[in-house]
Amino acid sequence: MNENLFASFIAPTMMGLPIVTLIIMFPSLLFPTPKRLISNRTISIQQWLIQLTSKQMMAIHNQKGQTWSLMLMSLIMFIGSTNILGLLPHSFTPTTQLSMNLGMAIPLWSATVFTGFRYKTKTSLAHFLPQGTPALLIPMLVIIETISLFIQPVALAVRLTANITAGHLLIHLIGGATLALLNINTMTAFITFTILILLTILEFAVALIQAYVFTLLVSLYLHDNT
């Protein structure tokens, strides 16, 4: 067992060079582009899931917001596939890195905010000062609303990082406990191993749910600004 609990979160290198870029590009190989007139079952299921998710997520948007559909579908596919691949043994999960998640959250959040200031300037500015606010509270409310606006991308990134990291740490700890109990009490080790399997199944669901939550929040920010 690896003694360093956080060793699996260290960015891997090969010959002294970081290979995070290759790992980030790898999930794109899991979604092949159909080249035949009649698709096979795998591609058909893939297209059905994409259409179902896109229809559900784009239902609240107007015509301008629906132009982001390709971006949002690419985002949810990338995060979901990256999270699932990170559950494989001896693999690296890029979404456990706060820097990477901030690199996704800040540009997307900035684009939605700039879109709102460009096309809905009055409405966007009105969010900083609710109607009927007393004059004495105006400076304080403007500061509070500004802070809450700028904290949105940080909350997006921290939420994704914390959920994925916590799951991986829990799997690591329970896996280590199972190996330690194997030579002490076989029945207890079997129970711990069963818990480990159930937790792994739960982490598969969490990997997809967190991808959906991240994309859905970006979609809601876009809806508020279009």
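Modeller: Start with one term: a residue is buried at under 20% relative accessible area, exposed at over 50% and partly exposed in between, using a 1.4 Å probe and protein chains only. This is a predicted model, so local features need pLDDT of at least 70, side-chain atom pairs count only at pLDDT 80 or more, and totals for chains, interfaces and linings use all residues. Residues are numbered from 1 along each chain as its sequence is written, and side-chain values use heavy atoms, without hydrogens or water.

The part I pick is T178 and its surroundings. T178 sits in helix α7, which covers residues 152-182. Helices here are DSSP runs of H or I with at least four residues, strands are runs of E with at least two, and both are numbered from the N terminus. Is T178 buried or exposed? T178 is buried, because its relative accessible area is 10%. Which residues does T178 touch, beyond its neighbours within four places in sequence? The partners are A189, T192 and F193. A contact means heavy atoms within 4.5 Å.

Now go to L199. L199 belongs to helix α8, residues 186-224. L199 counts as buried, because its relative accessibility is 10%. With neighbours within four places left aside, L199 contacts L170, I171 and I174. L170 lies 29 residues from L199 along the chain, yet the C-alpha atoms of the two are separated by 8.4 Å.

Next, helix α2, residues 41-57. W48 lies in this helix. W48 is exposed, because its relative accessible area is 52%. S54 is in helix α2 as well. S54 is buried, because its relative accessible area is 18%. Apart from residues up to four places away in sequence, S54 touches S69 and M73.

W48 also has a part in the surface. Together with I45, L49 and L52, W48 forms a nonpolar patch there, with about 420 Å² of accessible area in total.

Helix α3 (residues 69-85) and helix α4 (residues 98-119) pack at about 170°, with axes 13 Å apart. So α3 is roughly antiparallel to α4, a label for angles over 145 degrees. M71, L75, F78 and I79 make the contact from α3, and M100, M104 and L108 make it from α4. The axes are lines fitted to C-alpha atoms over the stretch in contact, and angles run from 0 to 180 degrees between N-to-C directions.

Last, the whole chain. There are eight helices and two strands. The order is β-β-α-α-α-α-α-α-α-α. Of the 226 residues, 33% are buried. Take the contacts between residues at least 6 apart in sequence: 71% of them join residues at least 24 apart. The accessible surface is about 14400 Å², and carbon and sulfur atoms account for 71% of that.

Definitions and conventions: Accessible areas come from the Shrake-Rupley method with a 1.4 Å probe; for residues, only the protein chains shown count as cover. Patches are made of residues with over 30% relative accessible area and no salt bridge: like charges are joined within 9 Å, nonpolar side chains (Val, Leu, Ile, Met, Phe, Trp, Tyr) within 5 Å. A salt bridge is a side-chain nitrogen of Lys or Arg within 4 Å of a carboxyl oxygen of Asp or Glu. Angles under 35 degrees count as roughly parallel, over 145 as roughly antiparallel, 65 to 115 as roughly perpendicular and the rest as oblique.
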